[in-house]
Amino acid sequence: MWNDLGEYIANHCDYKNKDNIDGFNNKSNVYNAPCKVVEIAIGKFFSVADYLTNNPLVEDFSATDINPNDSNILFDDITNPNMDIYECANIIYSIRPPQELQPYIANIANKTGATLIIKPFFNEDLNANIKMKLVNYKKATFYQSI
């Protein structure tokens, strides 16, 4: 399932120079710019991040957390975000973010124009303050901004 989510994100980096292909809206697109993907609140789960950092379609990958436990993870408090981290992001995603943090994540995506992907816990409702659709891609199920 996690590789399927990574594959979905990476495959849509290929659309970085096109608008609204396959329902993927790249409002922050800059022609011929690298595809920038940012994971918010990575915690200690690196499966999707590892997939994306090893994929040639993703040219710029960053991960953030409030308590980074690795030198490759950027510190960020999304309740008061450092917007420089997210500038020009094409895709912002978060895996199992707590419901109370989802509106902050959505605000960051809104400000940058990036496509937002949230993979909540299996039995958790989405609490984002933007329109999102449910996506089933292979074995991965998640929400994507529209």
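Mentor: Start with a term: two strands pair if DSSP finds at least two bridges between them. By that rule, strand 2 (residues 60–65) pairs with strand 3 in the parallel sense, over 2 bridges. Keep in mind that this is a predicted model.

Trainee: Which residue is the bridge partner of Asp 65 in strand 3?
Mentor: Phe 75 is the partner of Asp 65 there.

Trainee: What is the order of the strands in the sheet?
Mentor: The sheet is open and has 7 strands, ordered 3-2-1-4-5-7-6, with mixed pairing. Strand 3 and strand 6 are the edge strands, each pairing on one side only.

Trainee: How many bridges join strand 6 and strand 7?
Mentor: There are 6 bridges, and that pair is antiparallel. Leu 134 has Tyr 143 of strand 7 as its bridge partner. Strand 7 also runs antiparallel to strand 5 (residues 115–119), joined by 2 bridges. In that pairing, Ile 118 stands opposite Tyr 143.

Trainee: And the turn between strand 6 and strand 7, what's in it?
Mentor: The hairpin has 2 residues between the strands, and Lys 138 takes a positive phi near 50°. Lys 138 also forms a salt bridge with Glu 7, at 2.7 Å from N to O.

Trainee: Is Glu 7 buried or exposed?
Mentor: Buried, because its relative accessibility is 18% and the cut-off for buried is under 20%. Lys 138 is exposed, at 58% relative accessible area.

Trainee: How many salt bridges does the count come to?
Mentor: The count is 1 salt bridge.

Trainee: Changing topic. How many residues are in the largest nonpolar core?
Mentor: That core has 23 residues, and those with the most contacts inside it are Leu 5, Ile 9, Val 37, Leu 52, Tyr 93, Ile 117 and Phe 142. Elements that each supply at least two of its residues include helix 2 (47–53), strand 4 (91–95) and strand 7 (140–145). Helix 1 gives the most, with 6 residues. Apart from this core lies another, of 16 residues, among them Ile 40, Ile 85, Ile 105 and Ile 118.

Trainee: Which residues does Val 37 touch?
Mentor: Beyond four places in sequence, Val 37 touches several residues, including Ile 9, Leu 52, Val 58, Phe 61 and Tyr 93.

Trainee: What is the average for the protein chain?
Mentor: The average pLDDT is 87, and 86% of the residues score at least 70. Confidence is lowest in helix 1 (residues 2–13), at a mean of 92, and highest in strand 3 (residues 74–75), at 98.

Notes: Residues numbered from 1 in each chain as written. Predicted model: local features only at pLDDT ≥ 70, side-chain atom pairs only at ≥ 80, totals over all residues. Heavy atoms only, no water. pLDDT = per-residue confidence, 0-100. Helix = DSSP H or I, 4+ residues; strand = E, 2+ residues; numbered from the N terminus. Core = buried A, V, L, I, M, F, W, Y, C linked by side-chain atoms within 4.5 Å. Buried < 20%, exposed > 50% of the residue type's maximum accessible area, 1.4 Å probe, protein only. Contact = heavy atoms within 4.5 Å. Salt bridge = Lys/Arg side-chain N within 4 Å of Asp/Glu carboxyl O.
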